[in-house]
Amino acid sequence: MADAVELRGIRKAYDRFVAVDHLSLKIHEGSVYGLLGPNGAGKTSTIRMMIGITMPDEGEVRLFGEPFHRGLLDRIGYLPEERGLYKKMKVIDHLVFLGRLHNLPEREARKRSLEWCDRLQLKEWTSKKVEELSKGMQQKIQFIATLLHNPDLVIMDEPFSGLDPSNSVLLKDVLLELKKSGKTILFSTHRMDQVERLCDSICLIDHGRAILEGDLKKIKSSYGKNHVQMQYEGDPQLEGCALVQSFNNYGNYVEVQLVPGADAQQLLRMAAENARISRFELVEPSLEEIFIDQVGKNA
Amino acid sequence: MHNVWTLIQREYLERVRTRSFVIFTLLMPAAMAGIIIVPTKIAEMNTGGEHRLVIVANDPKLGAGVAQELTAGKSTSSSDDIGEQQSQQFGKPVTYAIAVVSDTSDAERDRLNKEVMDGKITGFLWLTNDALASHQVLYSTKEAADFGQSSDLRSAVRTAVTKEHLQQEGMNSADIDSLLTPIRLETVRVEKGKKGTSGVTVFLTAFSMVFLLYAVVLVYGMAVMRSVIEEKSTRILEVLLSSVTAKELLAGKILGIGAVGLTQVLVWVIFATLFSVPGLMAAKSFLGTMHIPVVGMFAFAVFFLLGYLLYSSMYAAIGSMVNTDQEAQQMQWPAMMPILIAIFLMNAVIQHPDSTLAFWLSIIPFFAPILMLVRILIEQPPMWQIVLCISLMLATIYGLVTLSARIYRVGILMYGKRPTLPELRRWLRYAG
């Protein structure tokens, strides 16, 4: 299958600060891809180079199998992390304006905007000014603007930040539908838990470098099922336990990484002596754990 | 190009549709009309109608002479006061009903004073031999002396007295009239091959055009700047940059807002023309000298547009450097400076429009909209100079937009603080 995005060793430096350092990745068409990493890892800088807001100092960006050129931008929908709307504009005018910038004819842009507004229960608001809308409604308008021109590649930078739960679900459903229709979706976020369930492939980046890239299932299974999620009351006394390599304790829930070859049953018996265990599950590591593990290794 | 067009449309429509634009655009002519019409009406009320005067003179012949001067109108008046033009320009013609009295007693004076107080007469002129000898003639009236009327009276008295003296010296009246016909001095500007209009006119024309240019550039340049800042603060910039380039964005903004400004000026010009046509007809004599040559109008249009583009791209650059209106206020001086300097230099250029200094000053793109315009209005500089000047301006505008676009694009990547000068230099170096 062709690649919607291919980055070949791109690098971007601002002054002495290197934002992106020889990053390479491929995003297959039709996949959901997660660009993950902590704040300041270079995710947004990477995306900006993908869509020509900035140019890489070195390396090459290829989209849909072609070297980057602005003509390809009409096939991309981008929802930046810093997103806003003109407050004084009417909703429908605003959507038509953004649609036209993606080379939709005015009538088509208007028709699609109305369809989308209808679908997202914004029908009565189309002739209101943007500033009269609640924040949640403005977010919906932003989704619509991103998807209006029916892009083949949808790029969303921190899409869930600041979203209320109902809009999060709405966005997720819309995205899943897009995926079904063969669109490529790229998420960028530092909230690993949110995208873990959605992504086919990921790229973990830190300090502008890719530290892990590829198919999410493969990555996870390469770690094996040597992780335990445990719900408890009391104190399971994991500190200093010979079976435990590391653990991440949330108070009454803990994620444990076992030392290689350790027996999980033994851990269960030991923990049960000290605490009431309400759930005990042997799992693949969560993305967050993988990330912490990888960053630890690189540090 | 398609994108720029879409951006221009948005910028234009969103602004023109606002209530404040409509109100301001319509209110301005109304206010201007008010400023012009109200004083005219007041002047009419004061000067119009019949004035009943009494002239008190020992010499009835002199009294009759003054009365004749006043009623005969201004044809023989030697007055060159502005008052004359005023009373001609505004207001109905004044008619006089004049009685000549030779009783110069104090009792008569008291009686006349009373009549003035009672409003039976408008005023009386105390033209006794004593008064003439002391060169001080009193005009008593209830109304505060009105400029037009007192100047009419003054010239009537002066002319009548002079005439009488000359007659006593034995001159015939035809010679006297010809002697007293005022000589008008007119300055004529010499242009290649044809007789031009007067120097004062050029100065006035140049000055009002420069003022209009300055005002519009200021208002709409600031609008460009504020709009750039708004796009940063509402965070819509990055959304837009995913489909247009920063340069397209700025170009669309500058052109769109410029179109708004043109619309406004156009509306005002139409209003002004409608309002002033009757006035122009009435005041032909005065405004005849305000004639603006066609070349001048064309030059004004060209330099007006170029000046706007140049300065608004400067304002755009400032807007792209700062994050708030307050910061922008402090950063404005680099854009204001050249235009102010140009206004200061204007006088020097008007006096010696063909000097080497004037040439060099007027081809500097930042001064050109004012100084080259002035030179074109005064004397037509060689064509190559105008072409050179316009090319330099176009190049500067392009350069400034490119520069601003770069600052703009890098500026969004670095939120929070205003760049220092060295930082700015580095920003400009970032190839992309």
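How many bridges join β4(A) to strand β5 (residues 66-67) of chain A, and in which direction do the two run? I looked this up before anything else. I counted two bridges between β4(A) and β5(A), and the strands run antiparallel. I note that this is a predicted model.

**Entry: the hairpin and its neighbour**

I found that β4(A) and β5(A) make a hairpin with two residues between them. In the turn, A:F64 has a positive phi of about 50°. I then looked for the bridge partner of A:L63 in β5(A) and found A:E66. A:L63 also stands opposite A:V5. That contact belongs to the pairing of strand β1 (residues 3-14) of chain A with strand β4 (residues 58-63) of chain A, which holds five bridges and is antiparallel.

Next I traced a sheet in chain A.

Strand β7 (residues 153-157) and strand β8 (residues 184-189) of chain A are joined by five bridges and run parallel. In β8(A), A:I185 stands opposite A:V154. As background, I wrote down that strands of a sheet pair through backbone hydrogen bonds, either parallel or antiparallel.

**Entry: chain A as a whole**

I listed nine helices and 14 strands for chain A. Its C-alpha atoms fill a box of roughly 70 × 45 × 35 Å along the principal axes. Chain A has 299 residues, and 39% of them count as buried. I also looked at contacts in chain A between residues at least 6 apart in sequence; 70% of these join residues at least 24 apart.

**Entry: where the chains touch**

How many residues of chain A are in contact with chain B? I noted 22 residues of chain A in contact with 19 residues of chain B. On the chain A side, helix α2 (residues 91-101) gives the most, with three residues. By class, I recorded twelve nonpolar, four polar and six charged residues on that side.

**Entry: nonpolar cores**

The largest nonpolar core has 136 residues, and B:L371 and B:L373 touch the most other members. Helix α13 (residues 294-321) of chain B supplies the largest share of this core, 15 residues. Leaving out residues up to four places away in sequence, I found B:L371 touching B:A342, B:L345, B:M346, B:V349, B:L361 and B:S362. Another core lies apart from the largest one; it has 19 residues, among them B:L53, B:I55, B:F124 and B:A156.

**Entry: confidence**

Last, I read the scores. The model has ipTM 0.81 and pTM 0.72. For chain B the mean pLDDT is 77, and 78% of its residues reach 70 or more. Where in chain B does pLDDT stay under 50? I found residues 74-91, for which the model has 35 contacts beyond four places in sequence. I also found residues 192-196, with six such contacts.

Technical notes
Residues are numbered from 1 along each chain as its sequence is written. Chains are lettered from A and ligands numbered from 1 in the order in which they are written. This is a predicted model: local features need pLDDT of at least 70, side-chain atom pairs count only at pLDDT 80 or more; totals for chains, interfaces and linings use all residues. Two residues are in contact if their C-beta atoms, placed from the backbone, lie within 7 Å. Helices (H or I, at least four residues) and strands (E, at least two) are DSSP runs, numbered from the N terminus. Ala, Val, Leu, Ile, Met, Phe, Trp, Tyr, Cys and Pro count as nonpolar, Asp, Glu, Lys and Arg as charged, and the others, Gly among them, as polar. Two strands pair if DSSP finds at least two bridges between them. A residue is buried if 20 or more other C-beta atoms lie within 10 Å of its own, exposed if 12 or fewer, and partly exposed in between; C-beta atoms are placed from the backbone. A nonpolar core is a set of buried Ala, Val, Leu, Ile, Met, Phe, Trp, Tyr and Cys residues joined through C-beta atoms within 7 Å. pLDDT is the predictor's confidence in each residue, from 0 to 100.
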